[in-house]
Amino acid sequence: MTQILSFNKLQNFSKVTLLSVLFLNFCHISFSFCLLQTNAIKTSKYNFFTFLPLNLFEQFQRIANAYFLFLLVLQVIPQISSLSWFTTVVPLILVLTVTAAKDATDDIVSTFENVFCFFKADLLLLSSSEPLNLVYIETAELDGFVYFSSFSTSNHILLFSLPLYAAVRCEPPNNRLDRFTGVLSFAGQKYSLDNEKILLRGCTLRNTEWCFGLVLFGGPETKLMQNCGKSTFKRTSIDRLMNILVLFIFGFLAFMCSVLAIGNYIWERNEGSQFTVFLPRLEDDPAFSSFLTFWSYVIILNTVVPISLYVSVEIIRLGNSFYIDWDRKMYYARNDTPAEARTTTLNEELGQIKYVFSDKTGTLTQNIMIFNKCTINGKCYGKNVYDYTGQRLEMNEVIDFSFNPLADSRFVFHDHSLVEAVKLENTEVHAFFRLLALCHTVMAEEKKEGELFYQAQSPDEGALVTAARNFGFVFRSRTPDSISIVEMGKQCNYELLAILDFNNVRKRMSVIVRSPEGKLSLYCKGADTIIYERLHQSCSKLMDVTTEHLNEFAGDGLRTLALAYKDLDEEYFNQWIQRHHEANTALEDREGKLDQLYEEIEKDLLLLGATAIEDKLQDGVPQTIEQLSKADIKIWVLTGDKQETAENIGYSCNLLREEMNDVFIISGNSLEDVQQELRNARTSMKPDAAENSEFLPEMDKGVKVVTDEVVNGEYGLVINGHTHLFLTPSVPQAYALEHSLELEFLRTACMCKAVICCRVTPLQKAQVVELVKKYKKAVTLAIGDGANDVSMIKGTAHIGVGISGQEGMQAVLSSDYSFAQFRFLQRLLLVHGRWSYLRMCKFLRYFFYKNFTFTFVHFWFAFFCGFSAQTVYDEWFITLYNLMYTALPVLGMSLFDQDVNDVWSFQHPQLYVPGQLNLYFSKKSFFKCALHSCYSSLVLFFIPYAAMYDTVRDDGKDIADYQSFALLTQTCLLFAVSIQLGFEMSYWTAVNTFFVLGSLAMYFAVTFTMYSNGMFTILPSAFPFIGTARNSLNQPNVWLTIFLTSILCVLPVITNRFLMIQLCPTINDKVMFKVRQAKATPAPPTRRARIRRTSSRRSGYAFSHAQGYGDLVTSGRFLRRPALTRSSGFTHAGRTTTSFSPMGRSAGYSPTGRPQNNKVPDVEVTSLQMYRTITDSAP
Amino acid sequence: MVKQESESANRPDNTAFTQQRLPAWQPILSAGIVIPGFVLIGLAFIGIGVALLVTSRSIQVLELDYTGDSNGSPCSSCSQSDIANCKCSLNFTLTTLFQGPVFFYYGLSNYFQNYRRYGASKDDNQLYGDLSSFTSPSSSCSPYNYDSSKKPIVPCGSIANSMFNDTFTLTRTVSGTTNNVTLDGKGIAWWTDYNIKYRNPSVTPLKNAFNGTVKPINWAKPAYELDASDRSNNGFVNQDFLVWMRRAALPNFRKLYRRIDASGDYQKGLPAGNYTIDITYNYPVRAFNGAKKIVFSNVSWMGGSNEFLGIAYLVIGSLCVVMSVVMLIVYAKFKFPDEE
């Protein structure tokens, strides 16, 4: 879609040196590739031949695999080998194969991705279709803000019809978006290159047919990618806990082995030395023997650190990620976007989120502005959007705009009386819409007759101009000194005399135009409070009525804007414009002088009315926020918006509520002010805590942790971005960052239910997240849709979620999870996250249990076999236990288990809380597992021991032999752990049943096969257990023993669990009980939260945050050819031209051209942007 | 940027599996299940326990230690000397009929047949009759794979070398006359051991197969001459050898020596009377504080005598019943979950 054509990627071969040298070899405009230097780029890690050795080498660098390799080495030492080599080799090979397969797939995928990415590059602009080689680009992806800027290429290298040899020397890849230095050497001359000549990856061409560029940086070297923050390898808290536990397990393994080695030493001294008649000793020294025994037991007991653990964890995470991908309830049909788990290693962390950091625009809101209501001359037009429950009303009565051939068919309005008023030529109504058609900085493009396309700096403006267009005042085109509009079908040209631009202080903009009739008028729109101050006294009555309407609009959560006008006296204006010109050219205090002039002329205005624009929230946002806060998840909104806008959205999405005890606004301008405001806020929340102003965070293992403080009542906090300056260290401010202030802020913010940070830069977003991460030890999630959210999504938050299909793909590409709508977040967390966490914890608990039990039996047996490292079980059993007999049942549990279904999960968001508190798997529960295993292993060893002691078969033959005992114990073990699994599982699907019973059946099938005559005759030494199964499993006392151990292993578990449920039931128990009760009765009615949207607040901004671009509109640089002639003029290029599809079809206006009711068009259209140095993105 | 043609090409499949709606059984530990369950299990266990205990008690066991530790015991002289084939005898009296079929075991204690290196010290291929393993026994047999003159030992390894070599004869004295009680040594090993796991090389005479090999160091006779009376009971399929090679799981164990031949007077078992066991005492156990004993036992449907299982079932059954009462009390008192 972009016309940026890179036809020569040049090898950048000197990253080390300061300057990179790029050789270029320009070709003709055709698309042939000419390679001078080698431009080959290697994006894959392996090739066919290197894969095996490289991959193996890499895999053995992982500590777990290296450990097993070490075990294998131990096993081939005959003196130590207590187990056959295959017991380790078979699992190891399996694990290596699975991992290698995964690595291979990843490599293939990333190779394709890289190849795809590679052509997204930073370019040096060479030429374009526009005069002076201008290009117009939109930079939304780069900075998250919408900029409007111009750009021209280096004038020296415009045409090149001949092959040309030149070299570019430039800076090495870096992340500075706002500067570039380089030199182009060409034909013996050197031209300096600066930022103005570079097209960065992430820009989109607008209104430019084509351009040529030279690739400077490609792929990961582009400034955009460099700016995305370091891709940190994210690990879940379970991962970190597991690492600690594995270390602990290693310690414990060493401890057990030492105990047994000491045991061996004593045994060898006391017993072994005398037993030599039958068992000659290889070494006389008991100490050496105990040393060997230590290693022998390391081999035998290594199952406490099972190699299959890591593989299983990966499989479970992968499975649970697929569930997210597959979830139809997270699929957004409008733009055909399913949810996507882009990272498959973080699932269980989704069940532990404590803080959600959300972007506003495009995340909470759709970034679609809808002209919803207006009041003109004291009469209110437009119907209510919401009923009293906060539900959107379905409105069928839609105005037919067919009378107006230039109308935007997607604009929807619901009040006929306004059209009537327009048709009746009501003067005020006409003036109202004329103002809307004239007073703005929107650009129009008309490719085909009647197909207008507006490019606006702010979506509000676009919405207003579109409204005017539909009501018969069509803004058609503009030149620097004129605006042409079609007024009720009549073409009118207004002479544009001055634009009194918007800025943050003025909060209004005006235009001074001369009508075709020659009348001079000033049209002004702005925040109601500002306009009201400048109205003529005659309007006072109208003001009262309008104020009433404005309050009503604000109550509906609409953004309001007051409109006023004034006719100017020719003489006065001439004098004014003269002074204006002087001020404009003044060298000193130009801004101040201009402001003064503007102030002077914008007075005694006549009120026309006010507009009300709906900043459309995404569907279900208030409900989602309510649900999440019920789940004790704290939501912080971090937005670049103004305080008023952010606050307003906070109210409309139910984050801030009228019934909150207080909403604190922190907007101090100095360090002291901010500190004071924060303290005051805290004092009013918690009067008794105020004294300790020098608050010190608790030290927890050297890391400071700010503990949660409980406050009575609900509070909200709105903090202005510029106050963040005092919080964030890297900002070059006069105020040095005070550490205490950072904590002060965090402490206050954490006491509040809702926190909104407005006017924050992308960097600050990341810093706020980092702050919480650092001091709260809580799991954080960042959600956003734009490139300005990338820093927090990718770098800082534990989990990054991207909203797909919105402001470009940058956020999605750096996210861990992506979906199309904010409301899916509740499903991601409350259903998928919770289940994943539950499953992972259950898995880990059970996995440790089954392996510890398995291993501890060896420990007990050691005391009866002279600490000789004799295994209890058959070696085949040891090999297959984790791989075959117990793998599938526990995987089945970890993939299917759910305590309650999704409906109930939503019904009881409190079910989410245990995850935040790490209740399901912690060090404590790990030790409980170990103790439980200890008990089970005692049962599993001593019951068979006692039951087989001195006993014989029913035909008098041997049954207390080692092989029968091994078979008995392993069968007991398998039954015990399978039954235990049954009690862990709360959701028995047919698959689970199949896995559990199948594994048991598999055990018997494999056992009988391994112990069969046939296997033995093939390889006598590998299958020495021949006949054991047949000879012992037909004995009743064997089965009675199995039965006894199985029951005895689970009885205490059941008793304990039952008593716990009775005595101190958890939230899960309660809900599960409720579910059970409700099973008889029909499903619970799905409660729809009643969201009240009453608010007396209002905000009035139909402007963007940045300085308006009135400047540009009037400047001579703004060169436009007549729109209609353009498209034909460049068809010779032979390529698809940038086709701007018309704007959204409903009553909406989106700055990025996002359609509201249908899928994304082929072209992502957006406002007219020209390129400019980005300096405003950071304060 | 290329759009999918189909409106909802990416819509996930609506299956019970992908939507995690698989039908499932969701049991919870409610009082209605747990308490009756415990009562039932408890009662069942008590029932099984009683049956086991009664059965176990009905089994007759007679144990006679003949280690000869104490000076007064019959075999003390043999135990203290190193004379081969030292003879001693034990007398015992049965007052009632020892119900048949009666099994004659020898028992060893503090004997670590389950020691890892001991257990590994054999060559399965050799014992399977593989002649190549005769000439070069597996190194696992070390140090009993070659003798001092580097000749291969067959059967090699510690287990074979340490084969139990005491022999017993049982006589009964009826009114002054001493009758031999016929002991049946056929089929005392596992069928699979005798028929599959252990095989003599198919060389006749068997002796030739052992050419170039030597007998285990502790053995008095080579493997092919273990049983002079029965030619088929020689080599690796000798029943006593097979019984010995099935190594015990625990340091105290008993192994089947013979069955009392149920013929003539002994059809119903061992009648009451005075018996003498003549022991050829060879096997040294005192060095490692081991003990040797002779055990006569009959069996029931549940095998040999073992009171543990019966008692364990009884105890756990009773515990279950007690726990169910406790649970009932707790449940009645707290009655979770109250509607809240």
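Author: Buried means under 20% relative accessible area, exposed over 50%, and partly exposed in between (1.4 Å probe, protein chains only). This is a predicted model, in which local features need pLDDT of at least 70 and side-chain atom pairs pLDDT 80 or more, while totals for chains, interfaces and linings use all residues. Residues are numbered from 1 along each chain as its sequence is written, chains are lettered from A and ligands numbered from 1 in the order in which they are written, and side-chain values use heavy atoms, without hydrogens and water.

Reader: Into which accessibility class does B:Asp69 fall?

Author: B:Asp69 is partly exposed, because its relative accessible area is 45%. B:Arg286 is placed in that class too, as its relative accessibility is 32%.

Reader: What joins B:Arg286 and B:Asp69?

Author: Side chains of opposite charge can pair when their charged atoms come close. A salt bridge is a side-chain nitrogen of Lys or Arg within 4 Å of a carboxyl oxygen of Asp or Glu, and B:Arg286 forms one with B:Asp69, where the closest N and O atoms are 2.9 Å apart. B:Arg286 sits in the loop between strand E11 (273–281) and strand E12 (291–297) of chain B, and B:Asp69 in the loop between strand E2 (61–65) and helix H2 (76–80) of chain B, so this pair ties together parts that are 217 residues apart in sequence. Helices (H or I, at least four residues) and strands (E, at least two) are DSSP runs, numbered from the N terminus.

Reader: How many salt bridges does the structure hold over all chains, and where in chain A do A:Arg317 and A:Asp239 lie?

Author: Over all chains there are 39 salt bridges. One of them brings together the side chains of A:Arg317 and A:Asp239 at 3.0 Å, N to O; because A:Arg317 belongs to helix H8 (residues 308–326) of chain A and A:Asp239 to helix H6 (residues 237–272) of chain A, the pair ties together parts that are 78 residues apart in sequence. Both A:Arg317 and A:Asp239 are buried. Elsewhere in chain A, salt bridges link A:Arg508, A:Glu533, A:Arg534, A:Glu599 and A:Glu602 into a network.

Reader: How many residues of each chain are in contact between chain A and chain B, and how much area do the two chains bury?

Author: Contact means heavy atoms within 4.5 Å, and 113 residues of chain A are in contact with 105 residues of chain B. The two chains bury about 9,600 Å² between them, 62% of it on carbon and sulfur atoms, where buried area is the accessible area (1.4 Å probe) that two parts lose on being put together, summed over both. A:Phe278, A:Arg328 and A:Phe1058 supply 8% of the area that chain A buries against chain B, more than any other three residues.

Reader: How many salt bridges are counted between chain A and chain B?

Author: Three salt bridges are counted between chain A and chain B, including that of A:Asp958 with B:Lys255, whose side chains meet at 3.5 Å, N to O. Helix H34 (residues 1036–1063) of chain A gives the largest share of the side of chain A that touches chain B, with 17 residues.

Reader: Are A:Asp958 and B:Lys255 buried or exposed?

Author: A:Asp958 counts as buried because its relative accessibility is 12%, and B:Lys255 likewise counts as buried because its relative accessibility is 1%.
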